[in-house]
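Here's a quick tour of a protein with its ligand.

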Amino acid sequence: MNVDGKHYYAIWMKPGNHRIVQIIDQRWLPHRFVVEDLATVEQAARAIGDMHVRGAPLIGVTAAYGMYLAALAAQNESADNFANQMRKAAKMLRSSRPTAINLGWALDRQLEHVGVSGGDIEVQIQSLLNEARAISDEELEACRLIGENGVGIIESISQEKNEETVNILTHCNAGWLACVDYGTATAPIYCAHDRGIKVHVWVDETRPRNQGARLTAWELGEHGVAHTVVADNVGGHLMQHGLVDMVITGTDRTLYTGDVANKIGTYLKALAAHDNGIPFYVALPSSTFDWERSDGVTQIPIEERDASEVKTIRGLSEGEIHSVLLTPEESPAANFAFDVTPARLVTSLVTERGICAASEEGIRGLFPEHFLEKV
Ligand code: MRU
């Protein structure tokens with residue numbers, strides 16, 4: 001994606017230095033564009049836990065590179081110690097955030113390269129780097145294909161409306177910053193915009209961390225896509241007044257039965273969309289499917305973050321970024337970071353292999369290989 005005319009991915013290896021991974025520290029956007037160096041697995045885990053990087057696909061890719069950084073640090077250990085260090089690194093990274101399944105998925109892929117090649121450490125390090133790059137490239141390509149597969153949805157609405165503007169509501173940031181490029185929910189939007197289809201995006205602010213107001217709005221603006229930021233509670237009103245043609249969000253974990261975990265507040269938008277007969281789409285790469293769990297509300301781990309994120313708000317004042325207190329100092333606050341939208345409220349899933357119903361049958365149609373053990 002372009003930032004001030006220069007192309008960026010959300011994560012990359014530092015040019016000329018194979019020991020440093022670089023990320024955009026998203027905590028400072030949209031007011032400052034800060035590139036951060038990650039040189040250790042501890043720094044990678046902190047970047048995920050403290051949300052310098054966030055969004056399911058990017059969390060997975062960062063964890064994969066984190067394993068490579070851990071391997072570099074253990075380069076001079078014995079084969080046994082190296083394998084132990086790598087398992088410790090995976091444990092630390094795995095505990096950094098619980099809901100996005102891409103994290104565990106990427107770590108499991110990396111762990112397959114540990115303890116192989118007769119314990120040859122140099123070979124393992126190279127394999128861990130290759131795998132991190134492969135995961136990153138696959139996520140990028142999946143998002144590109146989500147765009148190609150999903151653009152038809154927007155195109156048909158545009159045709160039904162005689163090419164009037166298609167109004168799309170989205171929640172949180174499921175854009176290129178949450179992935180490596182393109183985004184998930186935003187990929188069909190960028191694709192439609194690039195093809196000259198008139199689109200306008202209602203951007204939910206997404207309290208408490210305001211990923212919509214800070215990140216999605218910034219991304220869409222950089223790409224020239226018309227958008228309007230709204231407070232989180234506005235969506236229902238917009239839908240009742242015919243101002244939303246479709247909703248599309250990303251997801252942190254979608255079960256093989258079609259239940260979707262996404263940023264807190266997504267469920268309420270799905271309820272409002274259902275009540276108003278508005279289609280509600282969820283876009284995801286296959287790395288975000290959970291092939292084990294079947295019931296979202298009871299089985300998906302929902303992250304609870306620090307109450308300070310609810311009690312305070314960060315923003316720009318007189319050229320500096322400040323955090324200010326919103327609530328009475330003593331009031332307790334609860335900070336559930338995700339909720340579950342049951343499959344019955346999801347119109348369809350948009351994936352790299354195509355569009356399917358949010359049901360076991362629909363998902364099996366596109367990804368039969370994951371169901372072989374279930375029959
Ligand atoms: O807490 P975050 O910012 O990591 O949550 C991100 C989301 O909920 C996104 O919508 C989701 O990861 C999909 S990203 C392509």
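At Gly 55 it's a polar backbone atom that lies 2.9 Å from an oxygen atom of the ligand.

This is a predicted model, where local features need pLDDT of at least 70, side-chain atom pairs count only at pLDDT 80 or more, and totals for chains, interfaces and linings use all residues. Residues are numbered from 1 along each chain as its sequence is written, and side-chain values use heavy atoms, with hydrogens and water left out.

What share of the ligand's own accessible area does the protein cover? The protein covers 100% of the 410 Å² that the ligand has on its own (areas by the Shrake-Rupley method with a 1.4 Å probe). The ligand sits in the largest cavity, meaning that more than half of its atoms lie within 2 Å of the cavity's grid points. A cavity is a set of points, on a 1 Å grid over the protein atoms alone, where a 1.4 Å probe fits but cannot get out.

## Who lines the shell

There are 19 residues around the ligand, and Arg 54, Arg 97, Gln 211, Asp 252 and Lys 263 come nearest (near means a heavy atom within 4 Å). By class, the shell has eight nonpolar, seven polar and four charged residues, with Gly counted as polar.

Helix H2 (56-73) and strand E11 (260-263) are the elements giving two or more residues to this shell; helices (at least four residues) and strands (at least two) are DSSP runs. Domain 1 (2-138) and domain 2 (149-374) each supply at least three shell residues, the bounds coming from an automatic or database domain assignment.

Most residues other than glycine have a negative phi, and most peptide bonds are trans. Leu 29 and Pro 30 are joined by a cis peptide bond, omega about 5 degrees, and Pro 30 is in the loop between strands E4 (21-24) and E5 (35-38).

Arg 207 and Pro 208 are also joined by a cis peptide bond. Cys 172, not a glycine, has a positive phi of about 65 degrees.

Technical notes:
Polar contact = N/O pair within 3.5 Å; in protein donor to acceptor, adjacent residues only side chain to side chain. 1 Å grid on protein atoms, 1.4 Å probe; cavity = no way out; pocket = protein on both sides within 12 Å on 5 of 7 lines; lining within 4 Å.
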